[in-house]
Amino acid sequence: MSSSRSIPLTELSSVALQQKALAAHEALDQGDSVDGKLRGIVRESWLRSLTFLPSPSTARARLFCSEEELEAYRQSHPLAAIMPVIDRLLVQPSLESGMLVAVGDENGRLLWVDGDRELRRRAEGMLFVPGADWSEATVGTSAPGTALALERSVQIAGAEHFSPQVHPWSCTAVPLHDPDSGTVLGVIDITGTADAVGTHTLSLVEAAVAAAEAQLSIHRLQGRLPRARRVRPGRVPAALYRNSLQILGTDHGVVHAGGASLELSLRHAELLTLLALHPEGLTADQLATMAYPEDASGTTVRAEMLRLRKVLAEHGKAIVPQSRPYRLPGELVVDAVQVLNYLHRGAHRMALGIYRGPVLPRSQAPAIMRLRSEVSTLLRDAVLTDGSPETVLDYLALAEAEYDVEAWQLALRVLPQRSPRRAVVVAHTEWLETELGVPPSLLAAFPKFR
């Protein structure tokens with residue numbers, strides 16, 4: 001797991017570094033460039049933050065749910081299963097060291113905040129509390145939000161925070177991954193004074209995250225054992241998985257529930273996707289309009305829904321659609337929606353990390369075709385706007401980018417001349433010239449092909 005080691009971590013809270021960060025704030029206020037005044041990882045985060053927020057003064061956390069809704073959400077989230085490990089390794093030591101420990105979901109929303117009592121009281125002033133949104137889109141640069149945006153360990157000290165309200169604080173955050181799928185489940189954060197960005201703090205949080213991921217794997221293995229062989233069955237948390245639907249880069253949807261997977265027909269994948277996108281429910285006539293390219297009756301949809309319910313019943317009641325209107329009994333995470341959420345938060349690398357190709361490529365369902373176009377277009381636009389070599393190269397590895405002349409030309413511009421990967425890009429660009437019959441001088445302006 002990588003981390004923000006562009007400079008020695010002991011210098012993160014140094015007077016010189018903090019003076020540079022304050023100078024960057026002054027430059028931003030005056031409309032000047034912040035280049036050269038900030039660490040690269042912080043500068044890039046500020047630029048992302050400015051796409052969501054007009055200025056640092058507008059960056060403030062906000063509550064995303066009520067206390068009742070928060071409790072229900074926490075108990076249904078897989079992170080609940082690892083809280084005893086986090087409590088033992090981080091929370092209990094923090095009570096004496098003057099630190100706060102926060103656990104957030106994959107969207108940067110804090111689910112638990114514990115630790116030093118006086119520090120918790122002070123942190124309430126900036127709404128660093130359970131139920132608050134601390135994503136980059138809401139508060140700008142902070143360790144929890146930026147760690148999720150980059151999917152890597154991050155340390156942010158004092159004035160490096162985008163919001164002036166957070167300048168008295170420093171923090172270290174590490175993403176936590178699903179041990180089975182590798183997707184990000186959430187983030188673990190240590191917040192406090194200068195000690196919160198020490199080298200030992202980063203090592204401690206990374207070790208705690210590794211232990212938590214291992215513990216989640218153990219819980220899941222115990223859950224798969226016959227009941228008589230389980231260790232303390234009453235202590236194994238129920239919320240070990242997030243029910244999800246995979247529709248990216250596959251002609252058949254794959255639903256994951258309770259640790260098991262089921263491949264769906266194209267039609268059933270379309271219907272389940274539409275229900276996941278509309279948790280309030282849909283009538284048979286609405287589903288007919290969204291799922292069928294030709295005229296279809298509500299009767300046709302009801303018959304297909306009956307078959308879908310029978311198929312899903314083998315996976316338990318948690319994902320079997322209810323009726324009148326048709327709706328799912330609980331949340332079903334759709335990979336395409338995750339990509340859109342990451343893109344809207346500026347987390348382009350995370351979006352690329354889970355993108356496996358177009359949404360249900362063979363589907364002709366009107367609503368699915370719109371979703372497919374939205375995801376592919378927004379992802380491409382984000383990559384070309386980002387323009388970083390690694391992001392562009394990751395995008396070019398996708399099958400749909402094979403004829404994307406503009407993207408290949410961008411790779412030539414952003415890759416260093418001596419990059420070992422440049423030869424492949426040059427060769428492919430020359431192939432495009434031959435394949436499309438376009439002179440090199442016109443390639444850069446040539447429209448992309450799908």
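**View 1. The whole protein.** The protein has 18 helices and 11 strands, taken as DSSP runs (H or I, at least four residues, for helices; E, at least two, for strands) that are numbered from the N terminus. Of its 450 residues, 52% count as buried, where buried means under 20% relative accessible area, exposed over 50% and partly exposed in between (1.4 Å probe, protein chains only). Residues are numbered from 1 along each chain as its sequence is written, and side-chain values use heavy atoms, without hydrogens and water. Because the model is predicted, local features need pLDDT of at least 70 and side-chain atom pairs pLDDT 80 or more, whereas totals for chains, interfaces and linings use all residues.

**View 2. The salt bridge between Asp35 and Arg43.** A salt bridge is a side-chain nitrogen of Lys or Arg within 4 Å of a carboxyl oxygen of Asp or Glu, and a search of the whole structure finds 15. Here the N to O distance is 3.6 Å; Asp35 is exposed, at 52% relative accessible area, and Arg43 is partly exposed, at 22%.

**View 3. The salt bridge between Asp105 and Arg109.** The closest N and O atoms of this pair are 2.9 Å apart. Asp105 is buried, with a relative accessible area of 0%, while Arg109 is partly exposed at 22%.

**View 4. The salt bridge between Arg220 and Asp178.** These side chains meet at 2.9 Å, N to O. Arg220 belongs to helix α8 (residues 199–224) and Asp178 to the loop between β6 (170–177) and β7 (184–192), so the pair ties together parts that are 42 residues apart in sequence. Both Arg220 and Asp178 are buried, and salt bridges with shared partners join Asp178, Asp180 and Arg220 into one network.
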